[in-house]
Amino acid sequence: MTDAALNPQDIFNDPLFERLKAHVIDATGLSYFGSQDMELARHLSERLTVLHLSTCGAYWVLLHDGKNGEAELDLLIAQLTIGETFFFRHEEQFHAIRDRVLPDLIERNRSTRRLRIWSAGCATGAEPYSIAIVLKQCWPDVVAEWDVTIVGTDINRAFLAQARQGRYGEWALRATPADIAESCFVRSGNEWMIRPEYRRGVVFDYHNLVHHPYHSFHHRLDSWDLILCRNVMIYFNHETNRRIIRQFHGCVADNGWLVVGHAESNTELFQDFETINTIDAVIYRKTVPATPATHVARHDGCRSQPLIVLDDELSGGVSFDDERKGTDEVHQHLSCAPLNPEEHLRQALMWQQRGRPSDAEKALRRAIYLDRGFVLAHYYLGLLLKRRSELPGAKRCFRNALRLLEPIDRRAVMPTVEGIDASVLTELTRMHFEEVKYL
C-alpha cells in the first residue's frame, strides 16, 4: 500500500510491466502504446496511485477480478483514450458527405425510406450529431418522414455518457458556423446543449472495434448505409486495421459508403472498396459485384446456418422484386421447418431488414413460444422493443436473456451465431438492460 504518487519509471521497471502492457493492448486494441512505454507507465502509475497499489502484479490481479476488473478496465480506458473532438471536424469531409454521399443514399433508399449511419469511435458524440445536423438542415423531409438511425459507438463509457447528455464546451464548437450554433444549440452558461430535434434518432452504444461483432447482431438488425471511422485506426496496428476494414466491408450495404480519417487512407487496405476522390477528400464505396455470389441465406436443403451471415445479402434499398423475393425466401424456410425456432428468428431478421417490424415481432414471439430458452430470440425482441421505446417489455426480454445465459460457459460459442461466444452476448445484453433499467 502507498499514498505517495508512484514514479512512472518504477512502473516501467516492474518485472510484470511488459505482461501488463500486452494485456492492456489486447483488451483495447490500442497498439499505439506498443512503442510508448513511458506514456503507458505514466497512465498506469496514476491509476495505481489512486487505488493505493504499488506493483503491476497487484494491478494485474485487480484487472482479472471479474466485474471489479471490468469496471477498472473501463476507468483505465477512459484515461488512455483521447476524447478531443469537435463538431464538423475536417470540414471538407463533411462537404463530401453532404454533396456526394447523402444524396446518393437518399436516392437509393427512397423505396425503403430508411437510413442507417454508424459513427465508430465517436468519442463524446460530436461526429454523429454533426451528421444529424447536416441531414436535418439539408433534408428535413427525410428526417421527418423516414426511419433514420444514427448510432455512435466507443470503447470509453465516460465519453458515451457525455454524448448522451449532448452538452459541450465552447472548444467543441470552434469550427461550427455561428448561425448553426445559434439554431442547433442552446447556450447554458459556458456550455452548449444540442437541441432535442437534432438528438432525435441519435443513439450511443458501447462497442469495442477489436473484440465485438460488427454485424446486425449488435445494432438493431440492420446493415449500414454509411460508416464513419475517422482518426481511430491510427491507434491500431496494420493487421488489426486490416481486420477492421474487412468487417466494415462485410456489414455495410451494397453501394454503401465508408469515411475514414485523412491519415488513414491506404490503397492496399481499402482495395475491396471503390475509391472516390472528391475535391478535398477521399471516401470509399462498397460496389456491387458484376455477378453476385450465391448468398448463404438462401434455401439449401434446410441446413442449419449461422444467422449472422444474413447481413451479406441485405442492401440499403429494396425494390418491389426484392421484397417479393425476400418473402418467398421466408416462406421457403418455414415450409421446410415450421416448428424450428431458429427459422422463425431468421424470418424475423428478414422482416426487420425489409422495414416490417410488426412482422418481425410476431416471428420472434413464435420463436420464443417454440423454445422458451432461446436466448437470441429474447435478445432480439428486447432490441426491437427498445427501439420502439416499449421499455418494460424490452427490460423483461433482456432480463430473461441474462437469466438464460447464467448457466452457459462464457467461452461457449452461440450455436446459431457465427463467432459469438456467451461472454460477448452477456456483455451486450447487460449493456442494453442497464440502459432501459431506469428509464
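Residues are numbered from 1 along each chain as its sequence is written. Because the model is predicted, local features need pLDDT of at least 70 and side-chain atom pairs count only at pLDDT 80 or more, while totals for chains, interfaces and linings use all residues; side-chain values use heavy atoms, with hydrogens and water left out.

The protein holds 18 helices and 10 strands; these are DSSP runs numbered from the N terminus, with helices (H or I) of at least four residues and strands (E) of at least two. Of the 439 residues, 53% are buried. Here buried means under 20% relative accessible area, exposed means over 50%, and partly exposed lies in between (1.4 Å probe, protein chains only). The protein exposes about 19,700 Å², and carbon and sulfur atoms supply 51% of this area. Accessible areas come from the Shrake-Rupley method with a 1.4 Å probe, and for residues only the protein chains shown count as cover. Among contacts with a separation of 6 or more, 72% are between residues 24 or more positions apart, where a contact means heavy atoms within 4.5 Å.

The structure contains 13 aromatic pairs. Rings of Phe, Tyr and Trp (its six-membered ring) pair if their centres lie within 6.5 Å; planes under 30 degrees apart count as stacked, over 60 as edge-to-face and the rest as tilted. One of these pairs is formed by Trp-118 and Trp-224, which is tilted because the ring centres are 5.5 Å apart and the planes stand at 35°. Trp-118 belongs to strand β1 (residues 114–120) and Trp-224 to strand β7 (residues 224–229), so the pair ties together parts that are 106 residues apart in sequence. Both Trp-118 and Trp-224 are buried. The rings of Phe-270 and Tyr-284, by contrast, are stacked, because their centres lie 4.3 Å apart and their planes at 15°. Phe-270 is in the loop between β8 (252–260) and β9 (274–277) and Tyr-284 is in strand β10 (residues 282–285), so this pair ties together parts that are 14 residues apart in sequence. Phe-270 is buried at 1% relative accessibility, and Tyr-284 is buried at 3%. Ring pairs also link Phe-87, Tyr-129, Tyr-168, Phe-185, Trp-192 and Phe-204 into a cluster.

A charge sits over a ring if NZ of Lys or CZ of Arg is within 6 Å of the ring centre and within 35 degrees of the ring normal. Arg-19 lies over the face of Trp-60, 4.4 Å from the ring centre. The charged end of Arg-356 is placed over the ring of Trp-351, at 4.1 Å from its centre.

Side chains of opposite charge can pair when their charged atoms come close. A search of the whole structure finds 22 salt bridges, each being a side-chain nitrogen of Lys or Arg within 4 Å of a carboxyl oxygen of Asp or Glu. Asp-147 and Arg-387 form one of them (2.7 Å, N to O). Asp-147 lies in strand β2 (residues 147–154) and Arg-387 in helix α16 (residues 375–387), so the bridge ties together parts that are 240 residues apart in sequence. Asp-147 is partly exposed at 31% relative accessibility, as is Arg-387 at 26%.

Other bridges lie within a helix. Arg-108 and Asp-104 meet in a salt bridge (3.2 Å, N to O); they are 4 residues apart in helix α6 (residues 91–108) and therefore separated by about one helical turn. Arg-108 is partly exposed at 38%, whereas Asp-104 is buried at 18%. Glu-361 and Arg-365 also form a salt bridge (3.0 Å, N to O), and they too are 4 residues apart, about one helical turn, in helix α15. Glu-361 is buried at 15%, while Arg-365 is partly exposed at 43%. Salt bridges with shared partners join Glu-361, Arg-365, Arg-388 and Glu-390 into one network.

Most residues other than glycine have a negative phi. Asn-231, in the loop between β7 and α12 (238–251), has a positive phi near 60°. Asn-255, in strand β8, has a positive phi near 70° and is buried at 17%.
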